[in-house]
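Try each task on your own, then compare your steps with the solution.

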Amino acid sequence: MPVSNDTRSHPSSFLLLGIPGLEHTHIWIGFPFFFLYLVAVLGNAAVLFVIQTEHSLHKPMYYLLAMLDFIDLGLSTTTIPKMLGIFWFSVREITSGGCLCQMFFIHFFTAMESIVLVAMAFDRYIAICKPLRYTMILTSKITGLIACVAILRSLYMTVPLVFLLLRLPFCGHRIISHTYCEHMGIARLACASIKVNIMFGLGNISLLLLDVLFIILSYVRILYAVFCLPSWEARLKAFNTCSSHIGVILAFFTPAFFSFLTHRFGHNIPQYIHIFLANLYVVFPPALNPIIYGVRTKQIRERVLRIFFKTNH
């Protein structure tokens with residue numbers, strides 16, 4: 001009988017184990033993740049509301065920030081509710097279609113956030129190195145084009161993953177030692193060669209590393225321009241305009257690369273460490289980004305305070 005007709009080839013559902021080795025603490029682990037999710041939802045929604053309602057913030061820099069907030073809402077909502085279901089209610093089963101959908105959106109939002117961070121680095125480069133041409137270079141049309149490129153590249157990186165998994169036979173294997181469905185976690189259950197999956201995954205990682213390279217090059221040019229400024233006051237002001245973006249970059253890439261490095265090279269590291277780092281990667285940046293921009297960006301902070309002031313009156 002052909003594999004495609006074998007009912008065991010593609011299970012109707014998968015089982016997510018959560019964090020193996022820490023099952024006895026699942027209920028307690030859920031509380032900080034719930035708190036971070038609450039911060040992510042309220043914080044990103046507040047920043048999106050301020051950007052939408054305040055016409056003075058209808059500028060390329062804040063459009064990019066709005067994209068980042070939308071992505072963070074999508075990434076955290078794709079993962080954390082199911083994660084909390086596992087931690088608190090032992091709802092470990094997820095349908096095959098639901099697992100593939102979750103995998104798709106996790107990788108889609110991750111790829112999209114990476115390219116938006118590149119666009120934000122370009123925005124800071126133009127603002128500091130070519131300030132007189134800023135409004136001519138970064139127009140609303142260019143910002144819209146950046147959004148389209150981000151979506152199309154993310155689809156290019158993610159859609160093939162679905163079909164690469166659908167072609168694999170699983171022979172009844174359905175237990176995933178994780179809190180969410182991700183590409184290699186599902187592929188490793190297959191009872192066939194996953195070489196193509198591995199190669200495509202490495203290609204996607206190469207694209208993300210290319211994003212990091214573009215960000216580094218942007219900041220090399222920015223630092224050069226900053227140190228050429230005549231006074232320390234001007235230098236500090238220029239650094240201040242970049243501090244929020246640098247914080248967001250570190251919040252996104254640091255847990256992502258720690259997770260990648262421990263997964264690839266940390267073979268002696270306990271499995272629960274791998275999974276815990278992967279969980280931080282999907283919850284920490286979405287919670288931290290609105291705090292960074294809310295505190296560090298004067299325009300957003302002032303608009304939020306003004307909204308509350310108006311509400312009180």
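Predicted model: local features only at pLDDT ≥ 70, side-chain atom pairs only at ≥ 80, totals over all residues.

**Exercise 1. Repeat the analysis for serine 90, and say in which loop it is found.**

Solution. Serine 90 is in the loop that runs between α2 (60-89) and β2 (93-95). Its phi is positive, about 55 degrees, although serine 90 is not a glycine. With 46% relative accessibility, serine 90 counts as partly exposed.

**Exercise 2. Decide whether serine 76 is buried or exposed, and list its contacts.**

Solution. First place the residue: serine 76 belongs to helix α2. Its relative accessible area is 0%, so serine 76 is buried. Now collect its partners, setting aside neighbours within four places in sequence: serine 76 is in contact with Tyr37, Ala40, Pro81, Val282 and Pro286. As a distance check, pick isoleucine 106, which is 30 residues from serine 76 along the chain; their C-alpha atoms are separated by 8.8 Å.

**Exercise 3. Work out the setting of leucine 36: which helix holds it, and what does it touch?**

Solution. Leucine 36 is part of helix α1 (residues 26-53). At 21% relative accessibility it counts as partly exposed, because buried means under 20%. Beyond its neighbours within four places in sequence, leucine 36 contacts Val283 and Ala287. For a distance, take glutamine 102: it is 66 residues from leucine 36 along the chain, and the two C-alpha atoms are 20 Å apart.

**Exercise 4. Which residues of the largest nonpolar core touch the most other members?**

Solution. The largest nonpolar core has 83 residues, and Leu117 and Ile186 touch the most other members.

**Exercise 5. Describe the fold and dimensions of the whole protein chain.**

Solution. Begin with the elements: the protein chain has ten helices and three strands. Read from the N terminus, their order is β-α-α-β-α-α-α-β-α-α-α-α-α. Next comes size. A compact globule of 313 residues would have a radius of gyration near 20 Å, so the 21 Å of the protein chain agrees. Along the principal axes, its C-alpha atoms fill a box of roughly 75 × 45 × 40 Å. Now turn to contacts: among those with a separation of 6 or more, 79% join residues 24 or more positions apart.

**Exercise 6. Summarise burial, surface and charge for the protein chain.**

Solution. For burial, 47% of the 313 residues count as buried. For the surface, the accessible area is about 16100 Å², and 72% of it belongs to carbon and sulfur atoms. For charge, there are 23 positive and 12 negative charges, whose mean positions are 7 Å apart.

Conventions. Residues numbered from 1 in each chain as written. Heavy atoms only, no water. Helix = DSSP H or I, 4+ residues; strand = E, 2+ residues; numbered from the N terminus. Rg over C-alpha atoms; globule rule 2.2 N^0.38 Å. Buried < 20%, exposed > 50% of the residue type's maximum accessible area, 1.4 Å probe, protein only. Contact = heavy atoms within 4.5 Å. Areas by Shrake-Rupley, 256 points an atom, 1.4 Å probe, with all protein chains shown as cover. Lys, Arg positive; Asp, Glu negative; His and termini not counted. Charge placed at Lys NZ, Arg CZ, Asp CG, Glu CD. Core = buried A, V, L, I, M, F, W, Y, C linked by side-chain atoms within 4.5 Å.
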